[in-house]
Amino acid sequence: YIYETRRFEGTSQVVKLALEAISLDPGYVDAYAVAGIFTLFKGVYAGGSAMRDAAMEALPYFEKALELNPHNASAHSGMGVVNELARWNFNIAEKEYQKSIYLEPNNDGWYALVAEFYLKMHQLEDAVVYADVSHESINTHFIKVKSHILSGNQKEANDLLTQAASDEMAHPFIGENYIWLEEY
């Protein structure tokens with residue numbers, strides 16, 4: 001609820017609540033995973049610390065979650081982020097992202113994360129496949145746009161940008177994508 005209503009402004013409050021839950025129940029696996037994910041947010045989205053610092057701070061939470069339950073998809077996804085953005089071990093990152101999808105195949109968020117990873121790795125066809133599976137509209141929509149831009153499919157990219165124009169929340173992303181298209 002805090003994340004949905006306050007987005008990244010509530011990051012530290014979510015971590016605090018997760019740690020409180022852990023103090024009440026040290027075996028609560030999801031609380032460790034949530035503490036790790038929102039600790040990562042400080043480096044990825046919230047801007048509270050450098051990515052490597054946030055990842056190393058989040059790592060023990062993911063390791064504990066996986067120690068308690070090696071089948072926790074959130075912890076595997078978090079380990080993917082740590083390996084991608086802090087350790088730069090892209091092979092392990094990909095395996096962790098894929099494991100999260102294997103464990104929770106109905107979680108759109110995991111597909112969006114993998115789609116973004118493949119876009120960064122310039123595996124454009126894979127990025128579009130995973131973006132198509134996910135229903136997280138803004139993020140995966142613009143992964144498709146960027147995949148078309150990088151593939152040289154300018155018309156398809158422009159068509160997708162036109163589709164998104166009616167969504168006011170998408171306007172900053174549309175602007176970014178026009179920069180990708182070199183249309184200033």
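Phe38 is buried at a relative accessible area of 10%, where buried means under 20%, exposed over 50% and partly exposed in between, with a 1.4 Å probe and protein chains only. Phe41 is buried too, at 13%. Before going on: this is a predicted model, in which local features need pLDDT of at least 70 and side-chain atom pairs count only at pLDDT 80 or more, while totals for chains, interfaces and linings use all residues. Residues are numbered from 1 along each chain as its sequence is written, and side-chain values use heavy atoms, with hydrogens and water left out.

How many aromatic pairs does a search of the whole structure find? The search gives six. Rings of Phe, Tyr and Trp (its six-membered ring) pair if their centres lie within 6.5 Å; planes under 30 degrees apart are stacked, over 60 edge-to-face, and the rest tilted. Phe38 and Phe41 make an edge-to-face pair, with 4.8 Å between centres and 65 degrees between planes. Both sit in helix α3 (residues 29-44), three residues apart, so about one helical turn separates them. Helices here are DSSP runs of H or I with at least four residues, strands are runs of E with at least two, and numbering starts at the N terminus. Elsewhere, ring pairs join Tyr97, Tyr111, Phe117, Tyr118 and Tyr130 into a cluster.

Now the core. A nonpolar core is a set of buried Ala, Val, Leu, Ile, Met, Phe, Trp, Tyr and Cys residues joined through side-chain atoms within 4.5 Å. The largest has 43 residues, and Leu40, Phe62, Tyr97 and Tyr130 have the most contacts inside it. At least two residues each come from α2 (11-24), α3, α4 (51-68), α5, α6 (90-103), α7 (108-120) and α8 (124-133). A second, separate core has ten residues, among them Phe142, Ala157, Leu161 and Ala164.

Take Leu40, in helix α3. Leu40 is buried, at 4%. Leaving out residues up to four places away in sequence, Leu40 touches Met51, Ala54, Ala55, Ala58, Phe62, Gly78, Val81 and Val82, contact meaning heavy atoms within 4.5 Å. Ala55 is 15 residues from Leu40 in sequence, and their C-alpha atoms are 5.6 Å apart.

Next, α5. Its 13 residues reach 18 Å from first C-alpha to last, close to the 18 Å expected at 1.5 Å a residue; the expected span is 1.5 Å times one less than the number of residues. Is α5 enclosed or exposed? Twelve of its 13 residues are buried, so α5 is largely enclosed by the rest of the structure.

At the start of α5, a side-chain oxygen of Asn72 comes within 3.2 Å of the backbone nitrogen of Ser74. Further along, Asn83 belongs to α5 (residues 73-85) and is buried, at 3% relative accessibility. What does the Asn83 side chain reach? The backbone oxygen of Met79, at 2.8 Å. Beyond four places in sequence, Asn83 contacts Trp88, Asn89, Ile92 and Ala93.

Last, the chain as a whole. The protein chain has eleven helices and zero strands. Of its 184 residues, 43% are buried. Among contacts between residues at least 6 apart in sequence, 46% join residues at least 24 apart.

Technical notes: A polar contact is a pair of N or O atoms within 3.5 Å; within protein, one must be able to donate a hydrogen and the other to accept it, and residues adjacent in sequence count only if both atoms are side-chain atoms.
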